[in-house]
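Student: Could we go through this model together, one question at a time?
Tutor: Gladly; have a look at it first, and then ask away.

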Amino acid sequence: MPKRILVIDDDEHVSSYLSDLLGDAGYETDVAANGQQALALLEKKRFDLMTLDLEMPDMTGPKFNKVLKRQGRSGDIPIVVITGHMGLKYVIPNAVAEFDKPIDREALLAKVKEILG
Amino acid sequence: MALNLLLVDDEEGIRRFLGMLLKDLGYAVRVASDGAGALEAIDSAQPDLVLTDIKMPRMDGIELLKRIKSRWPEIEVIMISGHGDLDLVIQCLQHQATDFVTKPVNEDILDAALRRVAEKIELRRKLSEYTQNLERLIKEKSDRVVELERQMAASQVVDALCQALQNLSDEMREEAGYNADMPCYIAVHNRLFEVVSTNRLYRERLGDKRGRCSWEAYADPARRGFDNPVCLTFKSGKARRSREMLLALTGEQLPAVVYTTPIGCKEDRVELVLEMAVDVSEISRLQEELWLTQQKYQDLFDETPCYIVVRDKDYLIKANNRLFTRDFGDGVGRNCYSAFRHRTEPCPECPVSRTFEDGEPHHKESVVSTRDGREMNILTWSTPIHNTEGEIVEVMELSTDITEIRKLQDHLTSLGLMLGSMSHGVKGMLTALEGGVYRLESGLAKNDMTRVGGATESIKVLVNRIRNLVLNVLYYAKSREPEREELDVAEFGRMVAGIVEPRAQREKIVFSAAIGEGLGRFAVDSGNLSAALVNIMENAIDACTADSGKDSHTVALRVDGDEREVRFEITDNGLGMDRETKEKAFTLFFSSKGLKGTGLGLFIASDVITKHGGAIRLESERGQGTSFSIRLPRNLSAAGAEAGTAN
C-alpha cells in the first residue's frame with residue numbers, strides 16, 4: 001500500500017509541482033492550499049507525512065502546528081518544512097526536516113524515502 | 001542794658017526833677033503819684049527797680065515796700081525820705097529795702113546807690129542764668145547718658161542677633177551652599193530716624209551709616225523721606241515686610257526683602273526700630289537664570305525639528321512640541337498610539353514601552369500619516385525621564401522625519417540588497433518555475449498531455465510574474481523621468497483593462513471597466529503608467545482571491561476626467577487593509593502578500609504617478625475592500641490641449 005503525503009502550499013504552481021514530483025516517486029498525494037483545507041483533509045484521511053509551507057493566507061505554519069498540537073495530532077505525522085524563509089526554519093520544533101526554496105529535488109526525495117522507509 | 005525804673009512820689013516837682021535826673025543817668029523811667037498807682041504800674045510793666053518816697057498820703061512808702069516784696073521779691077526797692085530817722089531806716093531795711101536815700105537828693109549819692117542796685121541785679125541775673133544753665137546741662141548730660149545706654153543695649157541686641165544669624169548661617173552652610181550668598185544687613189534706628197547701630201556686613205556693603213538718616217540706605221527716591229519701612233514702623237508700631245532696593249557703596253542697587261520690627265517700646269512709644277534686610281540679589285539672579293534656562297528648554301522643545309512627545313506608563317501624552325501639534329494635532333491628554341498612529345491599541349514593539357521596562361533608550365522606524373494625509377517615514381528614539389528618586393516617571397520620544405533620507409537610501413540601495421530583501425519572493429517564483437519545467441519534461445516523457453498543459457500554463461504565469469519583477473527592478477534600478485507621448489485616454493484605459501481582465505476571469509472575479517467617451521488625450525509614459533495601473537489592479541485581484549469572507553468578488557476600473565486632469569479609480573471588495581497596512585502600502589519592500597510579493601509594486605506605482613505630477617490616494621477598510629484613486633494632469637502641449645478638449 002502506497003504511503004500518503006499531504007502537500008500544503010498556497011502557491012498552486014508549487015503544490016502541483018510537489019504533488020507530481022512525489023507522485024512520480026510512488027507516493028500518493030493530496031494538496032491543500034491553506035491551513036483550513038489541510039486540517040479538513042487530515043480529519044478525513046490518514047497521511048504518513050506532510051510538507052508544510054510557512055506562509056499561508058489564513059494561518060502561518062507555526063499557528064497550524066499549534067492547532068495540530070491542540071487536536072492531539074502533533075507527532076503523529078512527520079512534518080517536512082519547505083520554505084523560502086530559511087531564517088524561520090526552526091519555528092516548527094517538531095519538524096523532521098527543512099528544505100529551502102528552490103528545492104533540491106534529489107535531497108527532498110532521499111529524505112522522504114528515509115522517513116517513510 | 002538800661003534798667004527799668006519806677007519813681008513814686010506825691011510831689012509833682014520832685015517827680016519831674018528826679019525823673020529828668022534819672023533819665024540823664026541812663027535809666028528808663030516811669031512815674032506814679034501814689035502807692036495804688038505804683039502797684040498798677042508794676043503789675044503792667046515789671047520794673048527792675050522801684051524808687052519811692054516814704055511820706056505819702058493814703059499808702060505810705062513802707063506799706064508799698066511791704067506789698068512789693070510780698071508779691072515781687074526780686075524787684076529792688078530804694079527808699080527816699082526827708083528825715084534821717086534811724087528807726088525809719090532800720091524799719092525799711094527790715095522790710096528788705098535795698099537802699100535808703102535822703103532828701104534833698106544828692107545826685108552822686110543817688111547814682112552810687114543806683115549802681116549798687118544795678119550790680120546786684122546783674123549779679124543775680126547771672127547767678128540765675130548759671131543755675132539755669134547748670135540745670136539744663138545736667139539734664140542734657142543725663143539724657144545723653146540714657147540715650148547712650150539705650151544705644152549700647154541696642155548694639156548688644158544687634159550683635160547678639162548677628163551672632164545668632166551667623167551661627168544659623170554657619171549651620172545651614174553645611175546643608176545648603178548658598179546661604180553665604182544671601183547676606184543680611186541689620187540696623188537699629190532711633191526715633192529721630194537716625195541709624196544707631198549696624199552689623200559689619202551692613203557697613204561693608206552699604207557704608208557706615210551710623211548717625212545718618214534712616215532712609216539713606218534706600219535707593220528708591222520715594223523711600224528717601226518719611227515713607228520708608230523704618231519710619232512707617234515708628235509711626236504704626238507694627239512690624240513690616242517689604243521688597244526694597246538698597247543702595248550699595250559701589251552705587252549698584254541690591255534687591256532685598258526688608259523686615260522692620262519695633263523694639264524697646266515705652267508707654268506706647270516706639271523707641272527703636274530693628275531693620276533686617278536680606279539681600280536677594282543672588283536669588284533674583286538665580287531666578288532669572290532659572291527662568292532663562294526654562295525658556296531655553298521650552299524653545300528647544302518647541303523649535304526642535306523633530307516630533308517630541310512625553311508620555312506616561314498609561315500611554316497618555318503629557319506634553320508634545322509645536323511641530324507635533326502642527327502635523328498631528330495637540331496630543332496632550334490623548335493616547336499616543338491614537339494621536340500619532342491612528343491605532344485603537346498600543347503599537348507592537350513600542351520603543352517607549354521598552355524604555356519603561358528597562359530604562360534604556362530604544363529606537364524604531366515606522367510609517368505614519370499626518371492630519372493632512374501626508375505619509376512619512378519616521379525614526380523614533382525613546383529616552384527615560386527620571387524623578388529625583390531615580391524612578392522612570394515618563395518617557396520622551398523623539399521622532400524624526402526620515403522620509404527624504406529613506407528616499408535617498410532607497411535609491412542608493414544596491415541591487416544586491418534589494419534582491420536580498422526580495423529573496424523569498426524570488427525563491428518562490430524559482431521553485432514554481434522549476435516545478436513547471438519538471439512537470440513539462442516529465443509530462444512529455446510520460447506522454448501525459450494534461451500534465452504538459454498544466455505545466456505550460458504554470459510556466460506562462462510564472463514567466464509573466466518574473467517579467468513584472470524584472471521590469472520593476474529595472475525601473476527601480478534606473479530611475480528615469482517619464483518619456484511622455486500623447487495618447488487617447490479612453491484607448492489607454494481599455495488597453496490596461498484588457499491586460500487584467502483574463503486573469504480576473506480565471507479567478508472568477510467580476511471585472512468591470514467604466515470608461516467614458518470623449519475623455520480626450522493626455523501625455524504620459526505609456527509603459528510605466530500602464531505597468532503601475534496593472535499592478536494596482538492585480539493587487540485588487542490578489543486581495544479578492546485571498547478573501548474567503550464573501551460569496552462573490554468584484555474589481556472595478558473607472559476612468560473619467562475634466563479639462564485639467566484625468567482620474568482613474570480602482571475599487572475592489574477584497575480583504576481590505578487595516579490602518580497600518582494602509583500607511584505602509586506605498587513603502588519600499590513592504591508587502592502584505594508573503595511569498596508572492598516583493599514590496600516593490602505599489603512603491604513603484606506611486607513613484608510613477610508622482611513623477612507624472614499626479615497623486616494617488618487609497619481608502620480601505622478591513623474586510624470591506626480597497627479603493628485607489630489616481631489623478632493625473634493632462635500635461636498637454638498647447639496644440640495637444642486643444643485637441644484634448646476638442647475630443
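Student: In which loop is M59(A) found?
Tutor: A word on conventions first: this is a predicted model, where local features need pLDDT of at least 70 and side-chain atom pairs count only at pLDDT 80 or more, while totals for chains, interfaces and linings use all residues. Residues are numbered from 1 along each chain as its sequence is written, chains are lettered from A and ligands numbered from 1 in the order in which they are written, and side-chain values use heavy atoms, with hydrogens and water left out. Helices (H or I, at least four residues) and strands (E, at least two) are DSSP runs, numbered from the N terminus. In those terms, M59(A) is found in chain A, in the loop between β3 and α3.

Student: Is M59(A) buried or exposed?
Tutor: Buried means under 20% relative accessible area, exposed over 50%, and partly exposed in between (1.4 Å probe, protein chains only). M59(A) touches G35(A), Q36(A), L39(A) and F64(A), leaving aside residues up to four places away in sequence; contact means heavy atoms within 4.5 Å. Its relative accessible area is 8%, so M59(A) is buried.

Student: What is the strand order of the open sheet in chain A?
Tutor: Two strands pair if DSSP finds at least two bridges between them. The edge strands, each pairing on one side only, are β2 (28-32) and β5 (97-100) of chain A. With parallel pairing, the five strands of chain A have the order β2-β1-β3-β4-β5.

Student: Which residue is the bridge partner of I5(A) in β3(A)?
Tutor: Strand β1 (residues 4-8) and strand β3 (residues 49-52) of chain A run parallel and are joined by four bridges. In β3(A), I5(A) has as its bridge partner L49(A).

Student: What angle does helix α2 of chain A make with β2(A)?
Tutor: Axes are lines fitted to C-alpha atoms, for helices over the stretch in contact, and angles run from 0 to 180 degrees between N-to-C directions. Helix α2 (residues 35-44) packs on the sheet and touches β1, β2 and β3 of chain A. Its direction and that of β2(A) make an angle of about 140 degrees.

Student: How far apart are the closest N and O atoms of D30(A) and R4(A)?
Tutor: A salt bridge is a side-chain nitrogen of Lys or Arg within 4 Å of a carboxyl oxygen of Asp or Glu. In the salt bridge between D30(A) and R4(A), the closest N and O atoms are separated by 2.9 Å.

Student: How many residues of α17(B) are buried?
Tutor: Helix α17 of chain B covers residues 526-545 and reaches 28 Å from its first C-alpha to its last, close to the 28 Å expected at 1.5 Å a residue. That expected span is 1.5 Å times one less than the number of residues. The helix is largely enclosed by the rest of the structure, because its buried residues number 17 of the 20.

Student: Which residue forms a salt bridge with K611(B)?
Tutor: At 22% relative accessibility, K611(B) counts as partly exposed. The closest N and O atoms are 3.0 Å apart, and the partner is D607(B).
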